Amino acid sequence: MHNKKPFPWHYFIKTIRTRIILVILSTILTYVVCQTYDQNQGKGVFIVTIILIILAIIQGYFRIVPFRNLLNRIDSVQVKLPHNKKLNLIYQKDEWVLIQEMLKLTEKYINEQQQALSAQEKRSHTILESIDDPIILVDSFLNCKHYNSNFKSKFIKDKKTKVYMDEKLWKVFDDDKILDLFQWTKEKKENARIKGYEIDGDYYDISITPIIDANNQNLGILGIFHTVTESKLTEKMRVDFVANVSHEIRTPLTSIKGFAQLLLAQKDICPKELITPLERINTNTERLKDLFDNLLKLSVIESRYDIDLEEMNLSSLLNQVKSNMKAKYPSKKFEIEVPPNLNVLGDKKLLEHVFTNLLDNSIKYNDKAEGKIIIANKEDEKFSTIILNDNGPGIKGEELKRIFERFYRIQGQSTKAIEGTGLGLSIVKHIVNKHQGQISVESEVGNGTTFIIQLPIKKYTQG
Ligand code: ADP
């Protein structure tokens with residue numbers, strides 16, 4: 001389609017036609033005048049005529065050059081228009097008609113495009129309005145471009161004015177964290193998500209998405225504020241209830257345990273038949289206390305909507321947990337390999353819970369003479385993956401699917417005697433999820449268990 005078009009002969013002939021006619025007419029006139037005055041200059045007149053005709057043709061050719069370039073450009077444009085079929089035919093006949101037709105088509109095309117654009121705008125507007133969540137679209141300079149009425153009613157205080165369209169985003173929001181999130185998305189050109197974020201008493205799952213073109217240029221940013229207030233409040237009530245019950249029960253439990261221990265300390269004056277029941281009371285209150293401690297931990301973690309992630313050295317935390325384990329199990333023989341220079345983005349206290357639980361399980365469920373736990377890691381752009389492998393008894397396939405459930409404990413000869421509440425791994429999973437990370441497990445009976453934990457290394461990102 002972009003081949004050079006044939007020479008525009010029609011226009012060329014039209015251009016030189018008048019000149020050649022003028023040259024021939026002036027030749028005839030000159031010849032007649034010469035004849036009248038008896039001058040026989042026929043040959044000279046003929047030569048001059050030929051020269052003039054050649055000059056007319058050359059001049060005509062040079063006048064056609066810019067026109068020819070123009071035609072070529074028109075041609076390259078017109079193939080992109082949707083109604084270009086008849087233009088090639090016209091091209092063979094009359095170039096001026098071609099230009100005229102081309103202008104008509106362009107005009108028609110522009111009108112159609114304008115109609116399509118306004119229809120598209122109407123459709124987008126209807127879609128935005130029909131969504132219950134507040135939505136805003138800003139351009140790449142963070143100027144507000146579109147928002148729906150939900151956004152307006154929730155976040156724009158001055159309801160009457162329209163001045164916020166095209167206004168800077170920071171004039172709409174005074175929430176620094178959300179503004180940071182938009183700025184971060186603008187710079188990194190990556191999705192950002194934040195869960196259960198509170199703005200003016202309401203809770204939102206916020207998702208900020210950059211709109212990127214084929215040349216990786218930022219065209220704008222879309223912010224969706226999914227309202228989760230209702231579910232958040234119900235969840236909060238449930239979590240508060242568990243926290244209150246656990247707290248209230250711990251006080252009488254401590255007292256029962258205290259009295260049992262007091263009586264056990266007076267073994268010589270205590271009737272013999274009471275010793276065993278008292279010992280049972282003592283161990284069972286201890287177990288109950290553990291259970292409520294774990295329940296409290298779980299509800300505290302659940303009630304935290306947001307955690308502060310900071311860059312931290314996981315290797316030193318793992319070494320600290322390792323020495324805690326050595327102190328907790330002095331009679332067990334085990335080795336823990338910790339990789340050096342392991343850095344993640346996380347909450348130190350919560351990650352300590354995670355690795356204490358995992359390592360504690362790997363040690364207490366291991367029935368080998370010498371336990372071996374190897375911690376390795378690999379890193380990609382977004383996540384640091386920590387792989388914790390032990391040489392323990394392993395877990396069966398059907399059990400493996402359920403070990404992260406609350407209160408789930410594997411019922412087997414080997415684990416029966418080992419104390420636990422069945423809450424450890426569900427706490428671990430909750431904490432990892434709070435970090436926007438993931439945890440999975442692989443295991444084979446007799447061949448140990450491997451936990452794979454993905455933790456983010458960049459702020460806000462979520463897959
Ligand atoms: P518990 O308090 O019983 O340890 P968890 O939630 O921590 O509760 O673990 C759930 C169950 O998963 C445990 O009862 C145990 O049988 C099994 N388990 C967890 N970690 C391991 C492991 N490293 N090796 C073998 N079994 C494990």
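Is Glu 405 buried, partly exposed or exposed, and what is its relative accessible area? Glu 405 is partly exposed, with a relative accessible area of 35%, where buried means under 20%, exposed means over 50% and partly exposed lies in between, computed with a 1.4 Å probe on protein chains only.

The structure is a predicted model, in which local features need pLDDT of at least 70 and side-chain atom pairs count only at pLDDT 80 or more, while totals for chains, interfaces and linings use all residues. Residues are numbered from 1 along each chain as its sequence is written, and side-chain values use heavy atoms, with hydrogens and water left out.

A salt bridge is counted here when a side-chain nitrogen of Lys or Arg lies within 4 Å of a carboxyl oxygen of Asp or Glu, and by this rule the model has nine salt bridges. The table gives some of them.

| Salt bridge | N to O distance |
|---|---|
| Glu 405 and Arg 402 | 3.0 Å |
| Asp 240 and Lys 236 | 3.3 Å |
| Glu 167 and Lys 171 | 3.7 Å |

Arg 402, the partner of Glu 405, is partly exposed at 37%. Salt bridges with shared partners also join Lys 328, Asp 360 and Lys 364 into one network.

Asp 240 and Lys 236 are separated by about one helical turn, because they are four residues apart in helix H8, which covers residues 229-265; a helix here is a DSSP run of H or I with at least four residues, numbered from the N terminus. Asp 240 is partly exposed at 32% relative accessibility, and Lys 236 is partly exposed at 32%. Lys 171, which pairs with Glu 167, is partly exposed at 41%.

Note on methods
Helix = DSSP H or I, 4+ residues; strand = E, 2+ residues; numbered from the N terminus.
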